[in-house]
Amino acid sequence: MVNDIAERISMAVALEQTAEECIELAKASLKASRALRGENPTPVTFDDAMEAVEEELADVLVTTDVLRAKMYSKIDEDAYLNPVKKEKTVRWLNRLVNPCR
């Protein structure tokens with residue numbers, strides 16, 4: 001799946017998507033830190049904030065796998081079994097294959 005995505009997008013897209021997901025992870029991490037410390041209150045609970053961190057981390061891992069595949073060569077799909085990453089990868093590939101959905 002990662003290799004299928006890498007074959008369908010340009011290096012520029014891989015770089016842009018990775019940067020976007022890294023920014024989203026940074027924002028989610030900052031929000032979780034605020035919820036943890038309570039010094040700069042946020043309406044988000046720590047548990048909810050950590051769920052967002054987990055989701056954004058999965059996005060970063062997927063995009064970096066695709067970027068790696070673009071940079072070096074195809075990656076070993078057997079090493080790519082994390083369920084959250086797999087779900088994210090399937091969703092991205094489906095969007096590329098069926099853009100109107």
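The largest nonpolar core has 11 residues: Val2, Ile5, Ala6, Ile9, Ala14, Val62, Val66, Leu67, Ala69, Trp92 and Leu93. A nonpolar core is a set of buried Ala, Val, Leu, Ile, Met, Phe, Trp, Tyr and Cys residues joined through side-chain atoms within 4.5 Å. Buried means under 20% relative accessible area, exposed over 50%, and partly exposed in between (1.4 Å probe, protein chains only). Helices H1 (2-8), H3 (46-71) and H4 (83-97) each supply at least two residues of this core. H3 gives the largest share, 4 residues. Helices are DSSP runs (H or I, at least four residues), numbered from the N terminus.

This is a predicted model: local features need pLDDT of at least 70, side-chain atom pairs count only at pLDDT 80 or more, and totals for chains, interfaces and linings use all residues. Residues are numbered from 1 along each chain as its sequence is written, and side-chain values use heavy atoms, leaving out hydrogens and water.

A second, separate core of 6 residues includes Leu25, Ala28, Ala32 and Ala49.

Now follow helix H2, residues 11-37. The buried residues of H2 are Ala14, Thr18, Glu21, Leu25, Ala28 and Ala32. They pack against H3, where contact means heavy atoms within 4.5 Å. Just after H2, glycine 38 takes a positive phi of about 75°.

Look at glutamate 21 in H2. Glutamate 21 is buried because its relative accessible area is 7%. Not counting residues up to four places away in sequence, glutamate 21 touches Glu56, Asp59, Val60 and Thr63.

Terms used
The expected span of a helix is 1.5 Å times one less than its number of residues.
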